[in-house]
Amino acid sequence: MHLMKTKAVLAACGLALSMAACGNAGGGGTGKDLAGKDVSCGDFTGRVAEICKAGKVTIGVKFDQPGLGFKSATADEPAGFDVEVAKILAADLGIDSKDVKWVETISDNREPFLEAGKVDLVLASYSITPERRKVVGQAGPYMVTGQQLLVPADSTVKDISDLKGKEVCSVTGSTSIDKINEKGAKGVGFESYSECVQKVLDGTVEAMSTDGTILAGFAAQNEGQLKVVGDPFSEERIGVGYSKKAPEMCTFITDSLKKAFDDGTWAKAFEDTLGPSGVKTPDAPMLDACQS
Amino acid sequence: MDFLTNGHNAYLESFFYTLMLFLVSGVLSLVLGTILVACRVGPVAVLRVAGGWYVTIVRSTPLVVVFALFQFAAPMLGIRFGWVQIHIGTVDFTSFFAVAVVALTLYTSTFVCEALRSGINSVPLGQAEAARAIGLTFGGTMSQVILPQAFRASVPPLASVLIALIKNTSVAYIFGVGEAVAQMRIMTNNYASERVPIFLTFAAGYIVIVFVVSFFANHLEKHWRTA
Amino acid sequence: MTAISSQAPTAAQGEPLVVLDHVEKWYGDLHVLQDINLSIKRGEVVVVIGPSGSGKSTLCRTINRLETIGSGTITLDGQALPQEGKALAGLRAEVGMVFQSFNLFAHKTILENVMLGPVKVRKSSKADAEKRATELLDRVGLAKHAPKYPSQLSGGQQQRVAIARALAMEPKVMLFDEPTSALDPEMIKEVLDVMVDLAKQGMTMVVVTHEMGFARTAADRVVFMADGQIVEEGTPEEFFTHAKSERARDFLGHILKH
Ligand SMILES: Nc1ncnc2c1ncn2[C@@H]1O[C@H](COP(=O)(O)OP(=O)(O)OP(=O)(O)O)[C@@H](O)[C@H]1O
Ligand SMILES: [Mg+2]
């Protein structure tokens, strides 16, 4: 079942993050190089062929989300599940991961960067939404996750419904804030998740909310003080962004992901980044079809 | 434009927060700034020095740092604003709003103080001497003669300070207040295809507020010039 | 008339109102007032003259303590000048002061300028203060300018308002520091006329001025200062015709040429 799958991903991510935070496992360090495959660029068309021939690709990822896309001050390259999936895509274009140019994208500049051609692909915990698909192309999803609550360890809050009319922290302008309001709580926005964590710890708010993957990491960092509660009350389908000017990208990405799902590289990436805890890697999500 | 058809209430509500932040901290800044300037030019040496230090330190601290201090450091010292609980319809004024008002007021009052001080310095010394010569005390001299003239001379710099305050309220967007910029971020995230119209619509909101303030300032200036 | 000596007042000329006794003042190294002894009787009009920088303004300003003194004493109506605060403000209300540059309150109307002291210091009712202010403005010939602002008046008119403002406090003594030297010649007379009137009505006045005409008409005594000292004093007649000191004759020679 779909919901089950989501939960499995969340559980896996959460545990993985806790490990990463404590032991600097796969999610925290720099990932391994992935060599480009032997491909014939003539098999591709349009922009995909161009990139293949050039042997260089620019990919936007997050630099501040442990386990997904994170670059520590000392690291040369970002690391995380998003980054590993990006390397798989690059490899299918015949590009070595060391020839990938990583660009930090934040929530606000993902569409502008794609539209302006500053990046070829975006893998930055980029939720697929119909609204975004008006401006950019989104292929995938390659992961499905959902929004939960992080509360003090001694809190009696069990669910978002316990927080009607109460203030719940998340990142300013994020979809999480919107969702919180939709559920009858009052979203208050801060610049980063760690600031929200602080607001939960100092008692200004009763809870914070965002993707369960992220919350689990913070719960692990503050063991005994914070815990993740509640069923996911949103479903985030994380996909790959590309420019609308290059619709041929979609087929390439979808094919590449499908291959990775089938040949085990996707599962391997998950295990390396979010999976060092040993929790079973979830089933791969269903891929959206590309509009012709 | 979907963001307006679906979100015009959210838009207006967010600007209501912006406006309230501006009005409340504006009034408090004027009051605190006046007290500060009285300290700075007054006859008590301790207050003069203290006022000078306060202005120097707070004025040279980035506003976002002042916010952060009150949002993150103050609770550790037991300074909280949980008692602030005012709800008007769907609009809430709670500790986040209170912290924003405190930060904006402490910060802006230093600029008010300096704007007034420039106004005071522009009042000829003879005005104070004449005031003292008819028997007014320091308080009387300040309140009856110096400050009214200083306020007049300070209208243009004070208007600049208040206009800066209008825009500075936007710093609250990353400190838990759902003011205009916070709402703008939500909208640009949700309506990715309408990013530019969203920016322009929110810019327009600020322009309207600034325009109203400038209008009043110009009006006051003209009114007092003929006086 | 004989020379009025500050050491020997007679009953007819009233008892001393303002007494400066061994007053010294320094500005850093500059000894601006040197052993000043001066006694001004009730109803007396004293004109202070002397070269620029001789300390005339300073002398004037010490009498209402706009300047502090280094040593010596100044008494007003038998009481020493208070040091600070409310008592000092109270004293200043008793001493009217007219400045060279008028110093009318720029943000208040003519009427408000005259009413401010009575209302805020004397705590008169607004109505009483307004009635009295209107009378005073009438006396200096400016009643119809009451609602105007200072910047709308000529210098001479402003100075007459300044006199009315000082008079509104019903001071025991009036100090004038070169009240006409910032004025165009045609306006000097209108101000001097008001001052002569005031002198005739028996106001005690200390006037720093170079207007010999005023000194001859209205002054009981002329005090000549140079280098922070009172060099000589006497009746206007005596002083202008037979100045005793070389310095005074020199000074008179200079100003009478013009
Ligand atoms: N605040 C001050 N600080 C230092 N020196 C001063 C100050 N005020 C006046 N003086 C000096 O004290 C001396 C006396 O000044 P004062 O103004 O009393 O002279 P005056 O006789 O009124 O001259 P004038 O005819 O030019 O008005 C001058 O040398 C002047 O430069
Ligand atoms: Mg002088």
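In the predicted model examined here, the side chains of B:Asp92 and A:Lys186 meet in a salt bridge with an N to O distance of 2.9 Å, a salt bridge being a side-chain nitrogen of Lys or Arg within 4 Å of a carboxyl oxygen of Asp or Glu. Between chain B and chain A the count is 2 salt bridges, and there are 9 residue pairs in polar contact, with both residues at pLDDT 80 or more. A polar contact is a pair of N or O atoms within 3.5 Å, for which, within protein, one atom must be able to donate a hydrogen and the other to accept it, while residues adjacent in sequence count only if both atoms are side-chain atoms.

On the side of chain B that touches chain A, helix H3 (63-73), helix H4 (95-122) and helix H7 (180-190) each supply at least two residues, and H7(B) gives the most, with 6 residues; helices are DSSP runs of H or I with at least four residues, strands are runs of E with at least two, and both are numbered from the N terminus. By class, this side of chain B has 11 nonpolar, 9 polar and 5 charged residues, where Ala, Val, Leu, Ile, Met, Phe, Trp, Tyr, Cys and Pro count as nonpolar, Asp, Glu, Lys and Arg as charged, and the others, Gly among them, as polar.

In total, 25 residues of chain B are in contact (heavy atoms within 4.5 Å) with 27 residues of chain A. The area buried between chain B and chain A, that is, the accessible area (1.4 Å probe) lost on putting the two parts together and summed over both, is about 2300 Å², of which carbon and sulfur atoms give 49%. In chain B, the residues that lose the most area to chain A are B:Phe72, B:Phe96 and B:Asn189, together 26% of what that side buries.

The contact of chain C with chain B takes 23 residues from chain C and 17 residues from chain B, and about 1800 Å² is buried between these chains, 62% of it on carbon and sulfur atoms. In chain C, C:Arg92, C:Phe105 and C:His107 lose the most area to chain B, together 30% of what that side buries. The count here is 1 salt bridge, and B:Glu129 forms a salt bridge with C:Arg61, with the closest N and O atoms 2.5 Å apart.

Residues are numbered from 1 along each chain as its sequence is written, and chains are lettered from A in the order in which they are written. Local features need pLDDT of at least 70, whereas totals for chains and interfaces use all residues, and side-chain values use heavy atoms, with hydrogens and water left out.
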